[in-house]
Amino acid sequence: MSNLSKQNNSLKSFFFLVILFFSTGYIFSQDKTIFSINKNPVNQSYWWLEKNNYGQSTNKVNFESSVKFRKSKKTYVINLFTIKNNRGENKLLFNESYIKHNFSENSFLKVGRYYRDFSKYLDEILSSGSMLISYNAQAMPKIGFVSSKKINKKIYFDYGISHAIFEKNQLYISPPFLHEKFLYLNLIKEKNLFSIGIVHEAMWGGTTLRLGEQPNSFKDFVKVFFSADGNPIEGEPHTNAIGNHLGIWDFSYQTINNNKIFKLYYQHIFEDTSGLRFANKTDGLWGLELKNYVPKTTLLLEYVSTKHQNINPPYVQESYYNHGIYDSGWTYKNYVLGSPFIQNTNSSNIEDNEILYLATSFGFLSKYQSVIKLSKRINKKEGIKYKIHLVRDLKSKGSIGLFIVNNENDIGTGIIFNKYL
C-alpha cells in the first residue's frame, strides 16, 4: 500500500471516530464539541508552532477534535489529533481524554490521559505553562484522586494524588512510573485569594537500557512517596533518593474587582532538598496577569529562570529536567513535560536560562479576537520569537483565523478553522 493510501485510510479513520464521538455526545448532556483544521507552514521549525502543542508534530495539515459531555456524576472528555510517524504516515492519537467521577462537588476520581489538577490559576491559553506539567507534551496515562477540605469560610485545603506511566522507548526496556501529589492552603479574605502549595513529582521503577531494573517494590514506593534515600552507591558523595524527584513551591495571589482580575504567582522549582530549602534562590516561573483592566483584554507577563541551578556544587547542582539514571529526563515521548524554555539535553547540565515572555488576548470590532505571544532569552543575545493569531468569530458556527510565526529571520503563516457542533 502506498503512503498516500495509508494517509487517506488514517484520515478516514479519524473522521469516522470524530463522527462516532460526536453522535455519542448527543445522548448525554453535551458541553461543547470542536473540530479543528490547521494549515501550517512546515518549511521551517517555528518555536511557537512546536512548543506547547500537546506533543503534536507539525504537519502541513493537522486535524484535531474535542468533545466534552456529562451524565449524572460523570464527565467524559475526548481529544483527538493526528501526527506523522517516522514512516511519514498520519496517525491518530488521543490527547487529554478521560472519565471523571465526582463523589461530591469538590472530590473526584479521574482516569485516562490528562495533564494536572494543580496550579489552577494559570491561564491555559496564554501562559507559557507550569514548571512541572505544561501542554508541551502529550498527556500521560494517569489515574488520580482530588479533594478539598474546608476549615471555615476563610480557609480551605486542596489536595490530590495520582499515578501515571511513561512510555517504553529506546532507553527504557520497561517504562518508569510517575508518582504525583500536591497540597495547597488557600486563604480567602473578601475579594482576595492567597494560596501556597507544594507539588511533588517522582519518576521511579522501570528498566533502563544502561542501568537495568530499578527498585519497584511496594517498599520502594513508600520510599519514593516520602523521598527517602535508597541504597548507598559506590563513588557517590552521599546517598540519593530512589528515582528522579522534582517539585515546586507554588505561590499565588488573586483579587477580583467586578470583572477585573489581578494575579501574581511564583512557582519555585526544586530537584532535591537544597532547592526545597530555596538554596537555588529565585529559580522558577514568575507571573503577572491583568484581565479586563482594558475591556476584553488580558495581559500576561512571565519570567522564567534556571540561572541558579548549579551555583554551589555538589550541594546545589540540580540540572532541572535531567537525571543520572533516567536518561530521557523529565520528558514524555521526546517532549519536555514542563516549561518549554527548559530543554532536556541528555547531558550532565541544562543550560542556564533567563526568559521574558509576554502574551495578550484582546477583542475588537465585536467579532474579532487576537492572541499574541512573544518570548526572548535575555541572558544571551537572541531574537524575539513570536506567534500572532487573529480569529474571526462565526457566531455559534465556529471561527476562522490566521496566524504568523517566526524563527530568527524566517516568517511563516498559517490558517486555522474551528467548527462547533
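**Salt bridges, strands and a nonpolar patch**

The structure holds 8 salt bridges, a salt bridge being a side-chain nitrogen of Lys or Arg within 4 Å of a carboxyl oxygen of Asp or Glu. This is a predicted model, in which local features need pLDDT of at least 70, side-chain atom pairs count only at pLDDT 80 or more, and totals for chains, interfaces and linings use all residues. Residues are numbered from 1 along each chain as its sequence is written, and side-chain values use heavy atoms, with hydrogens and water left out.

Side chains of opposite charge can pair when their charged atoms come close. One of the salt bridges joins D117 to K110, with 2.9 Å between the closest N and O atoms. D117 is buried at a relative accessible area of 14%, where buried means under 20%, exposed over 50%, and partly exposed in between (1.4 Å probe, protein chains only). K110 also counts as buried, at 6% relative accessibility. In the salt bridge of E124 with R116, the closest N and O atoms are 2.7 Å apart. Here E124 is partly exposed at 37%, whereas R116 is buried at 10%. A further salt bridge, between K263 and E289, has its closest N and O atoms 3.5 Å apart. This pair links distant parts of the chain, for K263 lies in strand β15 (residues 260–270) and E289 in strand β16 (residues 284–291), 26 residues apart. Both K263 and E289 are buried. Strands (E, at least two residues) and helices (H or I, at least four) are DSSP runs, numbered from the N terminus.

Strand β3 (residues 74–84) is mostly covered, with 8 of its 11 residues buried. Two strands pair if DSSP finds at least two bridges between them. β3 runs antiparallel to β2 (residues 61–71), to which 8 bridges join it; K74 is the bridge partner of K71. The hairpin of β2 and β3 has 2 residues between the strands, and S72 takes a positive phi near 60 degrees there. Strand β5 (residues 97–102) is antiparallel to β3 and joined to it by 4 bridges, with K74 opposite H101. Strand β4 (residues 90–94) is likewise antiparallel to β3, through 5 bridges, and its L92 is the bridge partner of T82.

On the surface, F103, L109, V111, I143, F145, Y159, I161 and L183 form a nonpolar patch with about 640 Å² of accessible area together. The elements that give two or more residues to the patch are β6 (108–114), β7 (140–150) and β8 (155–165). Patches are made of residues with over 30% relative accessible area and no salt bridge, like charges being joined within 9 Å and nonpolar side chains (Val, Leu, Ile, Met, Phe, Trp, Tyr) within 5 Å. Accessible areas come from the Shrake-Rupley method with a 1.4 Å probe, and for residues only the protein chains shown count as cover. V111 belongs to strand β6 and is partly exposed, at 39%.
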